[in-house]
Amino acid sequence: METKFCKKCGKKLPLESAFCPYCMTKLIEVETAEPIKVKKKFPVIYIAVISAFIIIALAVAIFFLFQFNSNKSNKVDYSSYLGVWGNGENVNDTSNGQSLLEIISVKDNIVRFTFTSTSSSMKTATIENVTCEIIDGVGRFTFDEDGWFNKGVGKIKFLDDEIFIENTITEKYEYALWDIGGSYYLQKMDSSIVNFKWLLGENFKDHKGSFGEEIAEAKQTNSGTIHCYSDFNVIVSDKTNKILSVDVDYTTSLSKSLLSYETINGYSKYDDVYSLLGEPQRNKISEGFVEYAVDKNKRIEFKFDNDLNVISFSYRLSN
C-alpha cells in the first residue's frame, strides 16, 4: 500500500488520506463549487392581484368609452323644435277647440314649454313653464295647476315631424269645468317669433306681414297711426311710414314666447333684463319698472309684477 507522511507531525499515512488523524492537518485542498443560484418564484398572489387590476382597468375603460360613444351617437339637437305646435289650421283657429304647445327654450336635452288646451266653448287650461329632461326622445313631467286647480303627470315625445303630448289628471278639482288631460299629436305652426329690437325705425310695410292680422281698425293720433294686434300695438309715422314705437303687453302664454326684445320675453325676470342691458338709466324697480336708453336714439321701459316677472315693455324712438 502506498503511503505518505503528514507534512506537520511526520506520521505515516495512507496515500489517499485527506487529513492527518493525529494532528488534524488538512492534506488535500478541496475545491468548493460555485453556489447554485436558485431563481425566486414570484408569489402567485401577486400575479393574481396584478392580473385582476389590469382586467378591472380595461373593463372600466371600455365602459366609459362605450358610454361616450353612446351619448355622442344619441345626442339630438332639440332646438329644431323651438316654436309653436298645434292641431289647428293656425294659432287663432279655436272655433272647434285647439291645443297649442310652445317650445320656449332648449338647452342640450333640457326642454322648457307651455301647453294650452282650449275647448270649443273657449274654456282654456294651461300648464306653464314646464321643464323636463328628454331621454331617447321622451320627457316626463308633473304639474300642480292647469288653470282649474287640477294636478297630474304628463309625457312629451319628439317625433320626426310632429310632437306627441299626453296629460293624465291624477287629482281633479271637484268644481273644475275643464282640464288639460288628453292625448294630442301636434304639427309645427307657421307662427314665428317677432323680435322688436331690430324693427324700431324700420319701414312698417316691410314687416307688417310678420305681425299677423290687426284686431281693430288703425287709429290716427298726433304721434302717428296706431295699428292694434293681439297683445301689442305699433305706432307708425304718417310721413315716413317708419315704426316709431311698440307697446307689448303679455296677457297670453302665446305672446310670452313669440314677442320679444332680443332675448327678453314674457318668461323673463328682472335678473334677465339686468344681465342683458346692465344698470338701468331710470331704476324704479320698487315701483315695478325700469327704463334704458339704447342705441342712442331709442328707449325701452320694462314693467314687472310683484315676483319681478316681465309683464310688458314699451320700446320707442326718443326725441
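Colleague: In β20, which residue is the bridge partner of D247?

Modeller: That's S314. Strands here are DSSP runs of E with at least two residues, numbered from the N terminus, and two strands pair if DSSP finds at least two bridges between them. β15 and β20 (residues 310–317) are joined by five bridges and run antiparallel.

Colleague: What should I know about the model before going on?

Modeller: It's a predicted model, where local features need pLDDT of at least 70 and side-chain atom pairs count only at pLDDT 80 or more, while totals for chains, interfaces and linings use all residues. Residues are numbered from 1 along each chain as its sequence is written, and side-chain values use heavy atoms, leaving out hydrogens and water.

Colleague: Which strand do five bridges join to β14?

Modeller: β15 (residues 243–249), running antiparallel to β14 (residues 232–236). F232, for one, has V248 as its bridge partner in β15. The two strands make a hairpin with six residues between them, and N241 in the turn has a positive phi of about 65 degrees.

Colleague: How do side chains sit along a strand?

Modeller: In a regular strand they alternate between the two faces of the sheet.

Colleague: How many strands form the closed barrel?

Modeller: Eight, in the order β3-β4-β5-β6-β7-β8-β9-β10, with antiparallel pairing. From one strand to the next the twist averages 30 degrees, with axes fitted to C-alpha atoms and angles running from 0 to 180 degrees between N-to-C directions. Within that run, eight bridges join β8 (residues 151–158) to β9 (residues 163–171); K157 pairs with F164 of β9 as its bridge partner.

Terms used: Helix = DSSP H or I, 4+ residues; strand = E, 2+ residues; numbered from the N terminus.
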